[in-house]
Amino acid sequence: MTEPNDAPEEETAGDAAEQGNEDPLDPMAALTAERDKLKDQLLRTAADFDNFRKRSKRDLEDAAARSREEILREILPVIDNLERAVAAAENATDAKSVADGVSMVLKQFEDVGSRVGIERLKSIGERFDPQIHDAVQQMESAEHEAGTIIAEVLPGYALRGRLVRPSMVVVARPPSQAKAGAPPPASDSEEEDA
């Protein structure tokens with residue numbers, strides 16, 4: 001009976017010897033294993049992030065393309081009607097009917113613009129704002145306050161509140177005193193002599 005008890009003791013002693021070879025208390029082996037585990041996790045996280053970044057970029061590009069397609073679908077009927085207006089203008093004898101047809105197409109375009117969020121910027125009579133207006137000329141005006149927009153060369157547009165194109169405008173400035181009949185202001189040198 002002693003032999004069977006000796007055999008299990010030898011096995012446990014052998015297991016202990018094997019565990020001794022791996023020695024879980026060896027700090028260098030534990031640090032190496034932990035380093036390898038963290039390195040593997042880092043590489044996986046970096047790969048996941050890179051895939052996420054690529055997927056996000058692709059999703060944004062797809063969303064932008066869908067948005068452009070949606071706007072194009074809205075604008076295509078306007079283009080069709082403009083082509084019809086051009087074809088009708090070639091054979092038309094009445095300029096008024098052609099102008100009416102083009103006005104209808106312009107109205108259709110304005111309706112489409114409002115549906116997709118395009119807004120024409122108001123400018124004539126407004127104060128000049130360099131964030132939404134682009135001054136292309138200043139004109140002397142006694143009827144308008146300086147800095148007021150008196151003419152619009154090209155309208156400006158915003159898409160859902162974001163400026164797409166600034167309005168190109170003519171801005172009022174006060175009339176020069178030489179033209180208004182008032183004497184020119186005294187120069188600094190004349191004031192010093194007096």
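Reader: In what order do the elements of the protein run from the N terminus on?
Author: The order is α-α-α-β-β-β-β-β-β-α-α. Helices (H or I, at least four residues) and strands (E, at least two) are DSSP runs, numbered from the N terminus. This is a predicted model, in which local features need pLDDT of at least 70 and side-chain atom pairs count only at pLDDT 80 or more, while totals for chains, interfaces and linings use all residues. Residues are numbered from 1 along each chain as its sequence is written, and side-chain values use heavy atoms, with hydrogens and water left out.
Reader: Where does α2 bend?
Author: A bend of about 30° occurs at Ile-75, and Pro-77 follows within four residues. The bend is the angle between axes fitted to the seven residues ending there and the seven starting there.
Reader: Turning to the sheet, what is the strand order?
Author: The order is β2-β6-β3 in an open sheet of three strands with mixed pairing; two strands pair if DSSP finds at least two bridges between them. β2 (133–140) and β3 (149–154) are the edge strands, each pairing on one side only.
Reader: How many bridges join β2 to β6?
Author: Seven bridges join β2 to β6 (residues 167–173), and the two strands run parallel. Ala-135 stands opposite Val-169 in β6.
Reader: What share of the protein is buried?
Author: Buried residues (under 20% relative accessible area, 1.4 Å probe, protein chains only) make up 11% of the 194 residues.

Technical notes. Buried means under 20% relative accessible area, exposed over 50%, partly exposed in between (1.4 Å probe, protein chains only).
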